[in-house]
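Hi,

Here is the structure I promised to pass on. Have a look at it first, and my notes follow below.

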Amino acid sequence: MKMIKFSDNLELSQVTVGCMRMKDANMDKAQILRFVEECLDMGIDSFDHAPVYGATGCETLFGEAVLKKQPGLRNKMKLVTKAGIVLPRAEGNKVIYYNSSKKKLLTEIENSLQRLATDHVDLLLIHRPDLLADPAETADALETIVKEGKALNLGVSNFMPSQMEMLQSYLSIPLVTNQVELSVKSVDHFFNGVTDDALTRKIPLMAWSPLGGGTVFTGEDPQSLRLRETLGEIASDHRTAIDTIMYAWLFAHPAKITAITGTMNPARIKVAADAQEIKLSYDEWYQILAASRGYHVP
């Protein structure tokens with residue numbers, strides 16, 4: 001398994017296990033533990049969480065099923081979590097909103113650590129840009145969290161380059177990644193400055209929904225139909241599956257993209273791992289881009 005360097009003290013497996021569906025998978029704790037162990041056996045050591053996944057239920061399940069049962073596994077894995085989203089009714093609120101205030105961030109990381117049954121996470125991300133946040137206050141909270149050893153590294157999620165630059169200007173600690181939606185179905189970030197910004201900062205990107213929500217396999221919209229045909233031809237040439245090509249397409253980019261899977265099936269995660277062995281040509285990569293956008297580059 002290829003490891004991607006984020007900082008001097010953080011490397012994540014290029015395939016990272018997304019735990020957002022853990023609560024909905026109807027797996028008992030023994031099955032969850034076995035799933036995690038199978039991922040580790042494949043060389044996949046990184047697990048992506050957030051308090052809003054399963055309304056805190058996914059972090060809780062992971063902690064109870066894995067680290068409370070086998071605390072020694074903590075030294076074999078990297079944990080990522082996020083902070084700053086308030087779900088409807090969580091605090092008596094009528095709508096979802098983002099809150100990156102110091103009080104909220106300090107409370108969220110403490111609660112996440114308790115749920116995950118660990119004393120630190122390897123990477124903490126601001127989950128969404130909070131339009132009402134005082135960046136100096138947010139930065140103060142983040143630096144406090146790192147100083148106290150509750151997070152070893154910091155990053156953001158779903159930030160545009162200007163938002164990332166603004167927050168970084170208040171921080172003495174470097175932001176090491178931006179986790180964004182990237183897939184053959186969602187290519188905007190290749191053109192709006194997000195990938196350019198990552199390359200400029202020399203930091204990897206993390207891609208959520210790397211299979212585009214699965215609509216490539218079943219969708220009847222024009223984009224899905226184009227992609228299914230093109231991916232099918234390329235997959236046939238490489239004697240592999242369509243989804244393997246979808247992962248390989250992301251891995252081919254120089255931004256050193258880490259793909260966050262959305263499955264609790266080890267066989268489906270192995271498909272992502274297998275993509276590291278696929279080397280797409282320039283022609284194949286741009287064929288897929290053209291199929292996604294519906295036109296060739298000029």
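This is a predicted model: local features need pLDDT of at least 70, side-chain atom pairs count only at pLDDT 80 or more; totals for chains, interfaces and linings use all residues.

Residues are numbered from 1 along each chain as its sequence is written, and side-chain values use heavy atoms, with hydrogens and water left out.

Pockets, then. A pocket here is an open set of points on a 1 Å grid over the protein atoms alone, where a 1.4 Å probe fits, with protein on both sides within 12 Å along at least five of seven lines; lining residues have an atom within 4 Å of a point. Volume is the space filled by probe spheres set on the points, which are joined across faces, edges and corners.

The largest pocket comes to about 560 Å³. Its lining has 31 residues, with Met20, Arg21, Trp208, Ser209 and Gly262 nearest the centre, and splits into 15 nonpolar, eleven polar and five charged.

The second largest pocket has a volume of about 260 Å³. Thr56, Ile85, Ala90, Lys104 and Glu108 lie nearest its centre, out of 15 lining residues. That lining divides into eight nonpolar, three polar and four charged.

Now the rings. Phe, Tyr and Trp (its six-membered ring) pair if their centres lie within 6.5 Å; planes under 30 degrees apart are stacked, over 60 edge-to-face, the rest tilted. The whole structure holds seven aromatic pairs. Trp249 and Trp285 are stacked, because their centres are 4.5 Å apart and their planes at 15 degrees. This pair joins distant parts of the chain, 36 residues apart: Trp249 sits in helix α9 (residues 242–251) and Trp285 in helix α11 (residues 282–293). Helices are DSSP runs (H or I, at least four residues), numbered from the N terminus.

Is Trp249 buried or exposed? Buried, at 0% relative accessibility; the cut-offs are under 20% for buried, over 50% for exposed and partly exposed in between (1.4 Å probe, protein chains only). Trp285 is buried too, at 13%.

Tyr282 and Tyr286 are also stacked, at 6.4 Å centre to centre and 25 degrees between the planes. Tyr282 is exposed at 70%, and Tyr286 is partly exposed at 40%.

Cheers

Technical notes
Helices (H or I, at least four residues) and strands (E, at least two) are DSSP runs, numbered from the N terminus. Ala, Val, Leu, Ile, Met, Phe, Trp, Tyr, Cys and Pro count as nonpolar, Asp, Glu, Lys and Arg as charged, and the others, Gly among them, as polar.
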